Every structure is written in structure tokens, then in C-alpha cells.
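Trainee: I want to walk through this model before I set anything up. Here it is.

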Amino acid sequence: MKRRNFITAVSLTSVGVFVAKIVGAKGDSIIESSPNLGKEPNKPIIISTWNHGLTANKVAWKRMLMGNSSLDAVEFGVRVTESDPDNRSVGLGGLPDRDGNVTLDACIMDHESNCGSVAYLQEIENPISVARKVMEDTPHVMMVGKGAQDFAIEKGFVKKNLLTPEAKEEWMKWKRHKNIATPTINNENHDTIGMLAMDEKGNISGACTTSGWAYKLPGRVGDSPIIGAGLFIDNEIGGACATGMGEAVIRIAGSHTVVELMRQGHKPEEACKLAVKRIQKKHKDLKNLQVGFIAMNKMGEVGGYSVYSGFNYALKDKKNDKMVDAKYDLEW
Ligand code: SD4
């Protein structure tokens with residue numbers, strides 16, 4: 001018994017109690033995190049990545065005040081960002097791949113672990129809603145490319161040119177000046193929106209949507225539509241989502257890792273930090289390797305952490321409507 005670790009995790013959400021405790025024989029594995037006994041969870045609450053999260057959160061919040069579920073909240077919240085032509089990394093107006101095609105990735109997950117996802121989807125403005133249809137109207141989780149587009153059209157979505165004149169201009173400038181297939185995801189090239197929400201019932205849902213790595217090789221898919229990488233929810237524990245270089249997030253099953261770290265008793269920020277540390281450990285070259293995670297637990301505690309400085313997330317609850325700067329390890 002001495003050499004083994006015991007994990008006790010009790011989740012009594014109906015009475016607002018969450019206890020997670022690890023007792024280990026060795027000092028380095030002892031984690032105690034349960035001063036929450038008897039405390040009421042902070043709900044409803046929403047967090048989402050980057051500045052555009054403020055507007056998206058407002059829409060999601062309204063949905064929850066109307067009595068809608070956290071699932072409706074995250075879907076309608078991130079749709080705002082998808083439909084914003086001025087956002088260069090999500091939906092309409094997103095930067096295209098190397099050949100000038102805008103290809104979108106998105107996924108959604110609810111409190112019952114239902115999930116839906118689309119990848120390499122073209123000419124559909126709101127991939128998050130197609131992902132929800134995949135989740136609700138098919139026996140599948142993930143649909144890609146032409147099949148996903150045909151499915152969307154069958155479901156009543158309309159085809160639209162997503163390459164705005166401004167995004168086209170940026171792409172053409174890139175082609176003229178740096179005709180290479182792999183620009184980096186760095187402090188200028190990001191903006192995926194990932195959103196986590198907990199409603200009055202204490203149910204957590206999440207959504208993640210992006211146009212991905214600008215000027216990527218045609219056919220490339222990132223972490224954002226991959227359940228467990230770009231987004232993961234386990235309603236007994238909490239949820240997490242990721243932004244930044246998807247390849248690095250996939251390598252450690254990032255969002256799932258964050259949720260599992262919370263299951264072991266870590267607070268959201270600490271869980272995000274440990275996942276970031278794991279990414280750093282797995283990559284010899286950290287130049288331009290920006291990744292950020294946000295997380296929420298059943299108590300409505302939230303946190304974020306990134307490899308490099310500059311990552312922030314939007315927080316909305318009964319008391320706050322603000323941006324929070326995530327902690328980080330490296331300065332640009
Ligand atoms: C991707 N993770 O496609 C996305 C990009 C991103 O902030 O999040 N940018 O790899």
C-alpha cells in the first residue's frame with residue numbers, strides 16, 4: 001500500500017461539492033485540492049480564448065440567461081466569431097491555405113460526452129453548427145471535406161465564398177513575398193476561438209473553431225476539430241480547449257491531458273501549466289511554438305497557461321466580464 005497511489009475523486013455536483021485527492025507514498029505525487037467542500041460552484045460561467053472571446057461570451061451569456069443550455073451557449077457564442085469577416089483565423093475572412101482555399105475545422109462537445117466535429121470544410125460559414133448536426137443527426141463523430149460539405153448542404157446550410165477581398169489580398173502578398181509552405185503559428189498568426197461554458201444546472205459544454213494555420217499545406221488539419229486535442233469535456237471533472245500550434249497539441253492529446261490532470265486534483269491553471277510543460281519537454285525546438293490552454297472545473301474555477309507570453313482569455317460570470325492574461329513560461 002505504501003508504494004501505491006490512491007486516487008479518490010468524489011463528485012457530488014447536485015450539492016455543489018467537488019473533492020479530488022491523491023494520497024501518495026512519495027512526496028512528489030501528493031496533491032491535495034479540496035477546500036471546496038460545501039462551497040457552491042460559480043455558475044453560470046464562460047471562458048473563451050483571445051480578445052474576440054469578449055463578444056462571443058456576451059452572446060453565449062445571453063443564451064444562458066434565456067435558460068438555454070451550455071451547449072447552445074457555446075454554439076451561438078462562437079458563431080459570432082465565425083461570422084466576423086475581420087477575424088483572420090476563424091470562419092468567414094479566415095486566411096486560406098497555400099493555394100488560396102479557406103478550409104475550416106471545428107468541434108463541439110456536451111456534458112454527456114456527445115461530440116461532433118468537421119474538418120477541412122469549405123464554403124460553409126458556421127462549421128460549429130455543422131459539427132453540432134454531425135453530433136445530433138448522425139451516428140458519427142467526425143466528418144471531413146466534401147462529405148462534410150454535402151452533409152451541411154443537405155441540412156440546409158448555404159454555400160458561400162469565405163475568402164474575403166482583405167484575406168485574399170493578405171494571401172497574395174504572402175505568395176509574392178514568402179512563397180513557402182510553412183509559415184509559423186506565432187504571436188501574429190493565431191486566433192482560434194475555444195469556448196467553455198457551465199450553465200445553471202452545472203453542465204459543462206465546449207466548442208472550438210478555426211481556419212487553422214495560415215497558408216498551411218492543402219489538406220492539413222490541426223488540433224481544433226480533434227476531440228481530446230483541441231477540446232475535451234468530462235462533465236464529472238471539467239473541460240479544456242487549446243489554441244496555438246495544433247501539431248504540438250495533438251502530440252500530447254492536449255485538452256484531454258488537461259482534463260485528466262484536473263481529475264488528479266490539479267486546479268485549472270496548474271493543469272494547463274503541466275500540459276504546457278509536457279509540450280515543452282516533447283519538443284527540442286521551441287522557437288515560435290506557441291500553445292495556450294484554458295480550463296474550467298466543476299466548481300467554476302478557471303485558468304489558462306501558455307508557452308509564450310501574449311495569450312489571454314475572456315471571462316464572463318456574474319461578477320466579471322473581462323480579459324485575463326494567462327501565465328506563461330517564455331517571452332517572445
Ligand atoms: C490549428 N490550433 O489549426 C489551430 C490554430 C490556432 O490560434 O489555434 N491558432 O493548429
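Predicted model: local features only at pLDDT ≥ 70, side-chain atom pairs only at ≥ 80, totals over all residues.

Trainee: Fine. How many helices and strands does the protein have?

Mentor: There are eight helices and 16 strands. They are DSSP runs numbered from the N terminus: helices are H or I of at least four residues, strands E of at least two.

Trainee: And what share of the residues counts as buried?

Mentor: 57% of the 332 residues. Buried means under 20% relative accessible area, exposed over 50%, and partly exposed in between, with a 1.4 Å probe and protein chains only. As for contacts (heavy atoms within 4.5 Å), among those between residues at least 6 apart in sequence, 63% join residues at least 24 apart.

Trainee: Sheets next. In what order do the eight strands of the open sheet come?

Mentor: The order is β7-β6-β5-β9-β8-β4-β14-β15, with mixed pairing. Two strands pair if DSSP finds at least two bridges between them. β7 and β15 are the edge strands, each pairing on one side only. Inside the sheet, β5 and β6 run antiparallel and are joined by five bridges; L104 has L121 in β6 as its bridge partner.

Trainee: What does helix α1 touch when it packs on the sheet?

Mentor: Helix α1 (residues 53–65) touches β4, β8, β14 and β15, and its direction makes about 155 degrees with that of β4. Axes are lines fitted to C-alpha atoms, for helices over the stretch in contact, and angles run from 0 to 180 degrees between N-to-C directions. Helix α3 lies across β5, β6, β7 and β9, at about 130 degrees to β6.

Trainee: Then the five-strand sheet: what is its order?

Mentor: β10-β11-β12-β13-β16, an open sheet with mixed pairing. β10 and β16 stand at the edges with a single partner strand each, so one side of each has no neighbour in the sheet. Strands β11 and β12 run antiparallel, with seven bridges between them; A240 is paired with A295 in β12. Helix α7 (residues 254–263) packs on this sheet, touching β10, β11 and β12. Helix α8 (residues 268–282) lies across β12, β13 and β16, at about 20 degrees to β13.

Trainee: Back to α3. How many of its residues are buried?

Mentor: Eight of the eleven residues in α3 (127–137) are buried, including I128, V130, V134 and M135. The cover over them includes α2, β5, β6, β7, α4 and β9.

Trainee: Which residue does D137 form a salt bridge with?

Mentor: K155, with the closest N and O atoms 3.1 Å apart. D137 is in helix α3 and K155 in the loop between α4 and α5, so the pair ties together parts 18 residues apart in sequence. A salt bridge here is a side-chain nitrogen of Lys or Arg within 4 Å of a carboxyl oxygen of Asp or Glu. The whole structure has 16 of them.

Trainee: How far apart in the chain are R88 and E170?

Mentor: Their side chains meet in a salt bridge at 3.0 Å, N to O. R88 is in the loop between α2 and β5 and E170 is in helix α5, 82 residues apart. R88 counts as buried at 18% relative accessibility, whereas E170 is partly exposed at 33%.

Trainee: Last one, D317. Where is it?

Mentor: D317 sits in the loop between β14 (312–316) and β15 (321–325).

Trainee: Which side chain does D317 join in a polar contact?

Mentor: That of N42, at 3.0 Å. The side chain of D317 also reaches the backbone nitrogen of K319 at 2.9 Å. A polar contact is a pair of N or O atoms within 3.5 Å; within protein, one must be able to donate a hydrogen and the other to accept it, and residues adjacent in sequence count only if both atoms are side-chain atoms. Leaving aside neighbours within four places in sequence, D317 is in contact with N42, P44, I45 and W61.

Definitions and conventions: Residues numbered from 1 in each chain as written. Heavy atoms only, no water.
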